[in-house]
Amino acid sequence: MRLIEGTATVDDVDQFVERLGSLGDDHGVVVQAFDARYVVDRRHLERAVELADRAFDRGESIARDRAVEILLYAAGRRQINRALAMGVGEGSQPAVVVVHDPTGEGSEAAAADAVSDLLEPGETLGRYDEGLVREFFDVNETELAATSGTLSDLVAERVALLTVER
C-alpha cells in the first residue's frame, strides 16, 4: 500500500472519483481518496486496507468494489452514504490517497505517481481535525478518560469493530 498526501482541489467529486478509478484500472490497483482531516494516522488506513482485503478474500465484503470496502472500514461504517463523509468533497482540502495492489500484479508505483499529479504536494497525515474525528467516530470525553489509549487507538477499534457488527 502506498499513501499519497497533498491538497486536492475538486471541482466535481464524481469526476475526481472517476479519474481515480480509471487510474486504478489502468495500473491494476485500487485507489481511494480520503479527506485527511478524518484520518488519524497511517495505521488507520493500513488496518482498513487489511480488513477490506480479508473481507474480499473470504467473500464477506459489504461492497462490490474494493475501494469502497476500504472506505467503509476506514470510516467504521456499513452504510456507504455515511462513510462518504470521510471521502473528498468539492473544493480544496487536505487529502490522503490509498494506492493498493491486493494481487501483487499491478503497478502501485506508477499509479502513485499518476495520483500525485492530481494533488498539490504536502504532508497531511497526522494533521487530522480532532473535533471532527471525535464527532465522526463518536468518541466523547468520558470514553477518552476511561482508557489509557489515544484517539488513534479508539479509531483503530472502530475500524476493527466493523467486522464484528455484521
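The model is predicted, so to speak of local features a pLDDT of at least 70 is needed, side-chain atom pairs count only at pLDDT 80 or more, and totals for chains, interfaces and linings use all residues. Residues are numbered from 1 along each chain as its sequence is written, and side-chain values use heavy atoms, with hydrogens and water left out.

**Stop 1: charged pairs**

Side chains of opposite charge can pair when their charged atoms come close. A salt bridge here is a side-chain nitrogen of Lys or Arg within 4 Å of a carboxyl oxygen of Asp or Glu. The structure has 11 salt bridges.

Select Asp 35 and Arg 37 to see one of them, with N and O 2.5 Å apart. Is Asp 35 buried or exposed? Asp 35 is buried, at 3% relative accessibility, while Arg 37 is partly exposed at 34%. For these words, buried means under 20% relative accessible area, exposed means over 50%, and partly exposed is in between (1.4 Å probe, protein chains only).

Next, pick Arg 42 and Glu 46, whose closest N and O atoms are 2.9 Å apart in a salt bridge. Both lie in helix H2 (residues 42–57), 4 residues apart, which is about one turn of the helix. Helices (H or I, at least four residues) and strands (E, at least two) are DSSP runs, numbered from the N terminus.

For a linked group, select Glu 130, Arg 134 and Glu 141: salt bridges with shared partners join them into one network.

**Stop 2: the nonpolar cores**

In soluble globular proteins, nonpolar side chains tend to be buried together. A nonpolar core is a set of buried Ala, Val, Leu, Ile, Met, Phe, Trp, Tyr and Cys residues joined through side-chain atoms within 4.5 Å. The largest one has 35 residues, and Phe 34, Leu 45 and Tyr 73 are among those with the most contacts inside it. Which element gives the most to this core? Helix H3 (66–75) is one of the elements giving two or more residues, and H3 gives the most, with 7. Another core, of 18 residues, lies apart from it and includes Leu 23 and Val 29.

Centre the view on Phe 34. Leaving out residues up to four places away in sequence, Phe 34 touches several residues, including Val 39, Leu 45 and Ile 70. Contact means heavy atoms within 4.5 Å.

**Stop 3: aromatic rings**

Rings of Phe, Tyr and Trp (its six-membered ring) pair if their centres lie within 6.5 Å; planes under 30 degrees apart count as stacked, over 60 as edge-to-face and the rest as tilted. The whole structure has 2 aromatic pairs.

Select Tyr 38 and Phe 136: their ring centres are 5.1 Å apart and their planes at 75 degrees, so the pair is edge-to-face. Tyr 38, Phe 136 and Phe 137 form one aromatic cluster.

Finally, show Arg 77, whose charged end sits over the ring of Phe 136, 3.8 Å from its centre. A charge sits over a ring if NZ of Lys or CZ of Arg is within 6 Å of the ring centre and within 35 degrees of the ring normal.
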